[in-house]
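Welcome to a short walk through a protein model. Keep your viewer open, and select each stop as we reach it.

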Amino acid sequence: MLKIYTDGSCLGNPGPGGWAFVATDGKNTAERSGGETDTTNNKMELTAVIKALSAAKKHAEVEIHTDSQYVKNGMQAWIKNWKKNGWKTADKKPVKNQELWQELDELAQKIKIHWHWVRGHAGHEMNERVDTLARTAAEMIK
């Protein structure tokens, strides 16, 4: 199974930001990162998963390892009601980052995803790697 590790970073919030993913099947590993000049941490977290799933589209099933409760909970708990409520939150406000959630949701319809939360900055090797890649991408944009 393809294991994907993702992270987003923002220097200021909003500010310059970076996203990164590392994908490995146990034999081969690919790393990708990028950034935006004026963004938020949550946008970069979402973008990291979107970019990873876009790159992994030939796979029918993947594991996503993220330190973002926002992304994990959004996909596993909140998105169903957002869609049912016309992309409004429980308190009737528009969902932030709706366009990114919709893009992620579309990708998630095509790939079976196993979500795993990883505590950030806790010494997990692959999480530390994607954190470094995302931070470096943000610093290069700055």
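At 12% relative accessibility, D105 falls below the 20% cut-off, so this residue counts as buried. Before moving on, please note that you are looking at a predicted model.

**Stop 1**

Is K83 buried, partly exposed or exposed? Its relative accessibility is 38%, so K83 counts as partly exposed.

**Stop 2: other salt bridges**

How many salt bridges does the count come to? The count is 4. Select R129 and E31 to see another one of them, where the closest N and O atoms lie 2.8 Å apart. Look at the surroundings of each partner. R129 has 33% relative accessibility and so counts as partly exposed. E31, at 35%, counts as partly exposed too.

Now go to E106 and K110, which also form a salt bridge, with 3.8 Å between the closest N and O atoms. Here E106 and K110 are both exposed.

**Stop 3: the sheet**

Switch to a cartoon view and find the strands. In what order do the 5 strands of the open sheet lie? The order is β3-β2-β1-β4-β5, and the pairing is mixed. Strands β3 (29-39) and β5 (112-117) are at the edges; each has a single partner strand, so one side of each has no neighbour in the sheet. On average, and ignoring direction, neighbouring strands here are turned by 20 degrees against each other.

Zoom in on β2 (residues 15-24) and β3, which pair in the antiparallel sense over 9 bridges. Two of the residue pairs to pick out are A20 with its bridge partner S33 in β3, and A23 with its bridge partner A30, also in β3. Follow the chain from β2 to β3 and you will trace a hairpin with 4 residues between the strands. In the turn, click on G26, which has a positive phi of about 95 degrees.

Next, select helix α1 (residues 41-55). This helix lies across β1 (2-10), β2, β3, β4 and β5, and runs at about 150 degrees to β1.

**Stop 4: a buried charge**

Select E63, in strand β4 (residues 61-66). E63 is buried but has no salt bridge. What E63 does have is a polar contact of 2.9 Å between its side chain and that of H65. Show the contacts of E63 beyond four places in sequence, and you will find M1, L2, K3, I4, H114 and H116.

**Stop 5: I111 in its loop**

Move to I111, in the loop between α3 (98-108) and β5. With 4% relative accessibility, I111 counts as buried. Which residues does I111 touch, leaving out those up to four places away in sequence? They are L53, A56, K57, H59, A60, E61 and V62. For a sense of distance, select G35 as well: I111 and G35 are 76 residues apart in sequence, and their C-alpha atoms are 25 Å apart.

**Stop 6**

Most residues other than glycine have a negative phi, and most peptide bonds are trans.

- P14 is in the loop between β1 and β2; the peptide bond from N13 to P14 is cis, with omega near 20 degrees.
- K92 lies in the loop between α2 and α3; its phi is positive, near 70 degrees, although K92 is not a glycine. At 64% relative accessibility, K92 counts as exposed.
- N97 is also in the loop between α2 and α3; N97 is not a glycine, yet has a positive phi of about 65 degrees. At 13% relative accessibility, N97 counts as buried.

Note on methods. Residues are numbered from 1 along each chain as its sequence is written. This is a predicted model: local features need pLDDT of at least 70, side-chain atom pairs count only at pLDDT 80 or more; totals for chains, interfaces and linings use all residues. Side-chain values use heavy atoms; hydrogens and water are left out. Buried means under 20% relative accessible area, exposed over 50%, partly exposed in between (1.4 Å probe, protein chains only). Lys and Arg count as positive and Asp and Glu as negative; His and the chain ends are not counted. A salt bridge is a side-chain nitrogen of Lys or Arg within 4 Å of a carboxyl oxygen of Asp or Glu. A polar contact is a pair of N or O atoms within 3.5 Å; within protein, one must be able to donate a hydrogen and the other to accept it, and residues adjacent in sequence count only if both atoms are side-chain atoms. Contact means heavy atoms within 4.5 Å. Two strands pair if DSSP finds at least two bridges between them. Axes are lines fitted to C-alpha atoms, for helices over the stretch in contact, and angles run from 0 to 180 degrees between N-to-C directions.
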